[in-house]
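Visitor: Hi! Could you walk me through how the helices pack in this model?
Guide: Happy to, let's bring it up and start with one residue.

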Amino acid sequence: MNRSSFMRMSLVVFLLGLIVILSSVSWGIGAANAYLTGRGGGFTDLSEITIIFEGHINIFRWVGGILSVLGGLGFIKAIELK
């Protein structure tokens, strides 16, 4: 893989990570709603619902953060490879 394609790929991964981070709240709420709906309804305590929502949002934040860091480090490494 040459330097320019590695830079492009790293930049795409970085931008994808930023998109995931910025969309983490809406995607996390959607995933948590799907999880709660899939449980078959019933009574769920408000504190448990809050934990489920926060957990799903945090999953997307972590994934986005990891992608951003990997893409950013890859881009910096590609610059160093002159």
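Visitor: Which helix is Ser24 in?
Guide: Ser24 is part of helix α2. Keep in mind that we are looking at a predicted model.

Visitor: Is Ser24 buried or exposed?
Guide: Ser24 has a relative accessible area of 1%. The cut-off for buried is under 20%, so Ser24 counts as buried.

Visitor: What does the side chain of Ser24 reach?
Guide: The backbone oxygen of Ile21, at 2.9 Å.

Visitor: And leaving aside neighbours within four places in sequence, what is Ser24 in contact with?
Guide: Ser24 then has contacts with Ile57, Phe60 and Arg61.

Visitor: Let's pick up Phe60. Where is it?
Guide: Phe60 sits in helix α3.

Visitor: How far is Phe60 from Gly38 in space?
Guide: Their C-alpha atoms are 20 Å apart, and the two residues are separated by 22 places in sequence.

Visitor: OK, zooming out to the helix pair. At what angle do α2 and α3 pack?
Guide: The angle is about 130°, and the axes of α2 and α3 are 8 Å apart. Helix α3 covers residues 46–80. An angle over 145 degrees would count as roughly antiparallel, so at about 130° the two helices are called oblique to each other.

Visitor: Is the crossing left-handed or right-handed?
Guide: α2 passes α3 in a right-handed crossing.

Visitor: Which residues make that contact?
Guide: From α2, the contributors are Ser24, Val25, Trp27, Gly28, Ile29, Ala31, Ala32, Asn33, Tyr35 and Leu36. From α3, they are Ile49, Ile52, Phe53, His56, Ile57, Phe60 and Arg61.

Visitor: How many of those are nonpolar, polar and charged?
Guide: The contact of α2 with α3 has twelve nonpolar residues, four polar and one charged.

Visitor: Leu36 was on that list. Is it buried or exposed?
Guide: Leu36 is buried, at 17% relative accessibility. Leu36 belongs to α2, which runs over residues 24–38.

Visitor: New topic: α1. How does α1 pack with α3?
Guide: The axes of α1 and α3 are 7 Å apart, at an angle of about 155°. That makes α1 roughly antiparallel to α3, because an angle over 145 degrees falls in that class.

Visitor: And which hand does that crossing have?
Guide: The crossing of α1 and α3 is left-handed. By class, their contact includes 15 nonpolar, eight polar and two charged residues.

Visitor: Can we look at a residue there? Where is Ser10?
Guide: Ser10 is in α1, which spans residues 3–22. Ser10 is buried, at 4% relative accessibility.

Visitor: What does Ser10 contact, beyond neighbours within four places in sequence?
Guide: Gly71, Gly74 and Phe75. Ser10 and Ala78 are 68 residues apart in sequence, and their C-alpha atoms are 8.5 Å apart in space.

Visitor: What about Gly71, is it buried or exposed?
Guide: Buried, with a relative accessibility of 1%. Gly71 is in α3.

Visitor: Which residues does Gly71 touch, with the neighbours within four places left aside?
Guide: Gly71 is in contact with Ser10, Val13 and Phe14.

Visitor: How far apart are Gly71 and Phe14?
Guide: C-alpha to C-alpha, they are 4.2 Å apart in space, although 57 residues apart in sequence.

Terms used. Residues are numbered from 1 along each chain as its sequence is written. This is a predicted model: local features need pLDDT of at least 70, side-chain atom pairs count only at pLDDT 80 or more; totals for chains, interfaces and linings use all residues. Side-chain values use heavy atoms; hydrogens and water are left out. Helices (H or I, at least four residues) and strands (E, at least two) are DSSP runs, numbered from the N terminus. Buried means under 20% relative accessible area, exposed over 50%, partly exposed in between (1.4 Å probe, protein chains only). Axes are lines fitted to C-alpha atoms, for helices over the stretch in contact, and angles run from 0 to 180 degrees between N-to-C directions. Angles under 35 degrees count as roughly parallel, over 145 as roughly antiparallel, 65 to 115 as roughly perpendicular and the rest as oblique. A crossing is left-handed if the near helix is turned anticlockwise from the far one by less than a right angle, and right-handed if clockwise. Contact means heavy atoms within 4.5 Å. Ala, Val, Leu, Ile, Met, Phe, Trp, Tyr, Cys and Pro count as nonpolar, Asp, Glu, Lys and Arg as charged, and the others, Gly among them, as polar. A polar contact is a pair of N or O atoms within 3.5 Å; within protein, one must be able to donate a hydrogen and the other to accept it, and residues adjacent in sequence count only if both atoms are side-chain atoms.
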